[in-house]
Amino acid sequence: MAEIRKLSEILIDKIAAGEVVENPASVIKELVENSLDARAASLDLTVERGGSRLIKLVDDGYGIPPDQVRLAFARHATSKIEDESDLQAISSYGFRGEALPAIASVSMIDMTTAVEGAKEGTRITIEGGKETLFEPAPPRKGTVITVRQLFFNTPARRKFLKSETGETRKLVAVFCKYAVSRYRNAMKLVSDNKEIINYPADDKLIDRLKRLWGNKVGNHLIEISKSTENGLIISGFVTRPEISRGNRNQIHLIVNGRPVYDVSLMHAVRSGYGNTLDSGFFPMAAIFIDIDRSAVDVNVHPAKTEVRFADEKYLYSQIKKLVEEAVQVPALFSVNSAARSGKDFHSMPKMTASKANTHQPVWHKPETMIKSSHNNNTSAIDRKTEDNFEEQIPPEAEQELNIGGKRFWQLYNTFIMGFRDGKIWMIDQHTAHERILYEAALDNLCERPGTSQCLLFDLTIELDPEDMAVFEKHVKLIERLGFEIEPFGKRAVIIRGVPGYFESSSIEEIFRNLLNGFSDNLSTGEDPIMALASSVACHASIRAGETLSQEQMQGLFNRLFECQEPYQCPHGRPTVVTISRDDLDKIFKRR
Ligand code: ADP
Ligand code: MG
């Protein structure tokens, strides 16, 4: 057995870095928190190549005196807590004293810092945990910290990083979290020489939210506020139900000043909207929760993004109720919207499916395409079915089945039923359309660019900084879909033309969700082309609950069977099932 020995300091820091420093976004989180803890009024962040080449943060905080600079990089060295009692009621972001040594162990770090009124500041550089320079520097009050070549000495970590766009998006998202929670600070972010955020210090939260989300959303915000007898204060803003996003990213929860990620509380916010939001859609919100410091434990996660509440249930119900009261909408709206909600419809196919499993197979996944129904590969059962059909019902009779001259029926505003080749075909309008758009988008992105329909009026859409960053990086790809689009200032785009399949009534919503979904897919490391194609498919497609005309239904049927892979949507859900005369005979025990 090998001898047991103590790890070297550098190795310990490197191991600790695994917990605190996951990616550029987590480095930025730590640096930003340090600047805010140092009471900086303005934070100026520059990044290059998703932060993997450069992260530079300039603050005007109180700086570090020369004799303590080295200590700041020592493990478990902090100026923020002293004894155990402080741990019970933490009021700073940091307190574990691990971030700087951890970051320094996996990058090239350079820090210049000076305290107010000092004659001299200090500069220190550390490379892979080893100090390489320590010298006096000009006495500019505050701290400038530069992190280069993150993970240069931990190749495994470096490889683990997502695409530059993915990392950029994550770090912009992190920076935005603090831009919300600390709206009184001036905050600036430049990524690859492009200014993404430049917010002056704001007086009011609403002003900051307008900068972040744009005026249009800003004008649809509802203020919430409440304080309970046991000292809980909840305040902030939530969007009206008519504004929503395809993900939770814009639900900001701030607990005692700390942005936290708490799925349960996000759920509380979402559930306050009841069925005024379709399933899969989320509100935008900035909710400040001030709670007795002893009733929340922030020391459950090294990065402190997750916290634990003494009474989570109570908090959940308070938030839900408050949001509910705020977004209470006229009954008409909710009824109407309940009818549109995917939920009611989804229970239907599930029942059919489970019943089908207990009997003989009833609904088939079609094994052959319609056109090739006489193909020799057709399974024996299918052949028999078709033969039977041909014998018993002459082709003219198909006309008879089209009751009322209709060729297609829309069921529950979700499924389309039609007859062909002697069978009943049912398609799911959403998944089928997803498949069609997915293949069309892939074709546009890889082969021939899509055609564009001109808009009567240019449409200007304000974007979140995260989405704007993604847009700028991938504008060429987006254009290939058939968009005529260009950036408009730092936070908006102008759309002059859209792909032919876009519904003119909801271009803004579709585009926003499309971009949002695209960024989401990218941050999971997906290839940009696939990421974009599946987002188009998901967000530009017809939803369950939409009423379709005969022509639209016919179009869906025809185009679905022109697809290379017509029987599944890009996520693997079925698009179409069939039932034959033979199946009906079996069900009713005619044979
Ligand atoms: P923690 O934040 O948990 O104390 P860190 O490793 O992040 O640990 O930082 C160590 C110490 O370095 C902090 O306690 C603080 O005193 C000092 N420090 C770090 N960044 C700054 C900054 N931007 N301005 C002033 N002091 C800083
Ligand atoms: Mg810190």
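This is a predicted model: local features need pLDDT of at least 70, side-chain atom pairs count only at pLDDT 80 or more; totals for chains, interfaces and linings use all residues.
View 1. An oxygen atom of the ligand is found 2.8 Å from an N or O atom in the side chain of Asn34, while Phe95 takes part through its backbone, with an N or O atom 2.9 Å from an oxygen atom of ligand 1. On its own, ligand 1 has 530 Å² of accessible area, of which the protein covers 93%.

**View 2. The shell of residues around ligand 1.** Ligand 1 is surrounded by 20 residues, and the closest of these are Asn34, Thr78, Ser79, Lys80 and Gly97. By class, the shell holds eight nonpolar, eight polar and four charged residues. Helix H2 (24–37) and helix H5 (99–105) are the elements that give two or more residues to this shell, and H5 provides the largest share, with three residues.

**View 3. The packing of helices H7 and H8.** Two packed helices are described by the angle between their axes and by the distance between those axes. Helix H7, residues 164–181, packs against helix H8, residues 205–218, at an angle of about 155 degrees, and the two axes are 9 Å apart. Because angles over 145 degrees count as roughly antiparallel, H7 is described as roughly antiparallel to H8. On the H7 side the contact is made by Cys176, Ala179 and Val180, and on the H8 side by Leu205, Arg208, Leu209 and Leu212. Sorted by class, the contact of H7 with H8 has six nonpolar residues, one charged residue and no polar ones.

Definitions and conventions. Residues are numbered from 1 along each chain as its sequence is written. Chains are lettered from A and ligands numbered from 1 in the order in which they are written. Side-chain values use heavy atoms; hydrogens and water are left out. Axes are lines fitted to C-alpha atoms, for helices over the stretch in contact, and angles run from 0 to 180 degrees between N-to-C directions. Helices (H or I, at least four residues) and strands (E, at least two) are DSSP runs, numbered from the N terminus. Angles under 35 degrees count as roughly parallel, over 145 as roughly antiparallel, 65 to 115 as roughly perpendicular and the rest as oblique. Contact means heavy atoms within 4.5 Å. Ala, Val, Leu, Ile, Met, Phe, Trp, Tyr, Cys and Pro count as nonpolar, Asp, Glu, Lys and Arg as charged, and the others, Gly among them, as polar. A residue is near a molecule or strand if one of its heavy atoms lies within 4 Å of it. A polar contact is a pair of N or O atoms within 3.5 Å; within protein, one must be able to donate a hydrogen and the other to accept it, and residues adjacent in sequence count only if both atoms are side-chain atoms. Accessible areas come from the Shrake-Rupley method with a 1.4 Å probe; for residues, only the protein chains shown count as cover.
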